[in-house]
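Colleague: Could you take me closely through the salt bridges of this model, pair by pair, and say where the partners sit?

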Amino acid sequence: MDSRRLLRTSATALAAAGLILSGCTGGSDAAASRSTPAGPTAAGSAATPVAAALKKYYGQKLTWRDCGVTDFQCATLLAPLDYAKPEAGDVKLAVSRVRATGPGKRLGSLLVNPGGPGGSAVGYLQGYAGIGYPAPVRARYDMVAVDPRGVARSEPVDCLTGPQMDAYTQVDQTPDDAAEVNALSAAFKEFAAGCEKKSGAILPHVSTVETARDMDILRAVLGDEKLTYVGASYGTFLGATYAELFPARVGRLVLDGAMDPSLSAVDLNRDQTAGFETAFRAFAADCVRTPDCPLGTESVAAAGQALKTFFRDVDAEPVPTGESRALGESLATTGVIAAMYDEGAWPQLREALTRAIGGEGSNLLALADSYYEREADGTYANLMFANAAVNCLDLPPAYAAPADAGKAVPSFEKASPVFGAGLAWAALNCTYWPTPPTGRPHRITAAGAAPILVVGTTRDPATPYQWARSLADQLSSGTLLTYEGDGHTAYGRGSDCIDTAINAYLLEGTPPQDGKRCS
């Protein structure tokens with residue numbers, strides 16, 4: 001399959017926080033209360049006056065230039081590094097757009113975000129949304145993206161060198177004794193210390209609340225009275241946070257692959273663990289029907305046991321890959337999880353598992369590398385760095401100490417016999433974060449906002465379906481649209497029913513009937 005498709009899919013969300021992947025996040029009430037006094041009030045109308053200290057940001061003019069990508073333009077947006085102290089300096093944010101193609105009356109700007117946190121919105125726009133969104137939507141909207149602060153082209157958080165990341169991604173994530181627990185803790189400590197050393201100035205200022213406030217500046221600078229937005233996965237939490245801060249400025253918001261901001265970090269991670277188990281069982285059910293399934297043809301349960309045996313075997317004796325990095329349990333698990341985001345990757349995973357079980361791990365390693373955004377030259381994009389930085393700021397850590405992770409393992413293994421232990425320990429990463437969290441889990445109601453469309457997929461691995469139901473219920477104007485299917489997120493993934501409903505909402509402002517289901 002096209003590796004870019006896998007990357008587009010997997011970059012929209014990162015599963016349970018830690019070595020395997022870095023986690024989705026929850027709410028940020030504390031950050032909101034800390035930052036709001038410097039700007040428009042959270043309950044303000046669309047015409048709420050801008051605080052004097054922020055007027056220069058809301059009044060700035062973007063200078064558009066050629067991006068080097070056909071039809072796309074780029075610009076730099078300035079925002080305050082610290083909304084509580086706007087005089088302390090600026091952060092430079094990368095913005096890109098492609099103009100509405102016509103025909104039809106232009107409806108304004110449509111801002112897109114692929115999630116993560118840490119996914120490049122500019123890369124997503126130029127590589128997919130700006131050319132791949134339905135033509136009627138692109139005809140009527142200028143498609144726009146801004147890389148969130150700390151991400152990709154917007155003063156990216158940096159933590160480790162390529163060789164250091166290679167070592168980090170190979171640390172044993174299912175420790176069997178005290179020495180392995182200490183090694184895992186040391187890896188998380190080294191990662192956190194690297195972030196503080198290389199990016200200490202911006203590290204306290206990459207919260208979701210601050211990014212949502214940046215989006216409001218961009219909305220105003222683009223000349224839009226209200227925000228029209230499509231956010232995927234973590235992008236749904238970003239969109240919901242915007243609605244919480246600026247309910248009167250909500251235009252048409254699509255939150256696809258929704259997160260539940262009311263959950264704690266440990267509950268988010270445990271729910272995601274169950275989501276990956278659901279996705280794996282769907283993959284296994286498909287696999288065992290084929291005569292060459294590398295996990296056998298007996299049953300879904302037997303396939304799960306075969307995968308656990310494979311993980312245990314490569315933990316004891318990693319499989320060669322043709323390069324200096326062998327395929328151990330950590331990288332093998334990441335490779336399998338990466339393919340859970342899109343059922344289109346299942347054939348690729350079957351082949352990779354067949355070869356790895358046979359003693360050659362390069363294909364499964366390639367899946368893991370695509371997830372981590374590791375380049376062929378051994379360098380990494382900043383996806384994982386930004387992901388941890390945002391997550392660890394947005395929520396208190398899942399655990400206070402390694403012993404808490406150990407105690408959580410049984411509940412995670414109940415959620416997923418295949419992935420539970422590794423994902424339980426992976427949630428230890430924020431325990432050692434150098435910057436204290438500014439957010440906490442809480443319900444988002446966004447009272448007074450226009451209708452908001454929440455989209456959930458029944459077998460979504462990274463943002464379980466119950467999160468979409470919960471968010472739609474929390475939002476005072478939430479409408480739930482359900483896709484009965486596999487994979488992560490629903491818009492633009494092949495369901496005419498889903499696409500028609502979302503297109504009608506974006507183009508006409510009318511959401512589908514609450515509870516509408518598509519396949």
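Modeller: Arg-149 and Asp-214 form a salt bridge in this predicted model, and their closest N and O atoms are 2.7 Å apart. Arg-149 lies in the loop between E5 and helix H6 (162–169), while Asp-214 belongs to helix H8 (residues 208–221), so the bridge ties together parts of the chain that are 65 residues apart in sequence. Arg-149 has a relative accessible area of 1% and Asp-214 one of 4%; because the cut-off for buried is under 20%, Arg-149 counts as buried, and Asp-214 is likewise buried.

A second pair to consider is Asp-166 with Arg-374, a salt bridge whose closest N and O atoms are 2.9 Å apart. This pair, too, links distant parts of the chain, with Asp-166 in helix H6 and Arg-374 in the loop between helix H14 (362–372) and helix H15 (383–394), 208 residues apart. Asp-166 is buried, at a relative accessible area of 13%, and Arg-374, at 15% relative accessibility, also counts as buried.

Asp-142 forms a salt bridge with Arg-99, and here the closest N and O atoms are 3.0 Å apart. Asp-142 is in strand E5 (residues 141–146), whereas Arg-99 is in the loop between strand E3 (90–98) and strand E4 (108–113), so that the bridge connects distant parts of the chain, 43 residues apart. Asp-142 is buried, with a relative accessible area of 2%, but Arg-99, with 41%, is partly exposed. Arg-99 and Asp-142 also belong to a network that includes Arg-106, joined through salt bridges that share partners.

As for the background to such contacts, side chains of opposite charge can pair when their charged atoms come close. The pairs described here are among the 20 salt bridges that the structure holds.

Several residues of H4 are buried, among them Ala-121, Val-122, Tyr-124, Leu-125 and Tyr-128.

Terms used: Residues numbered from 1 in each chain as written. Predicted model: local features only at pLDDT ≥ 70, side-chain atom pairs only at ≥ 80, totals over all residues. Heavy atoms only, no water. Buried < 20%, exposed > 50% of the residue type's maximum accessible area, 1.4 Å probe, protein only. Helix = DSSP H or I, 4+ residues; strand = E, 2+ residues; numbered from the N terminus. Salt bridge = Lys/Arg side-chain N within 4 Å of Asp/Glu carboxyl O.
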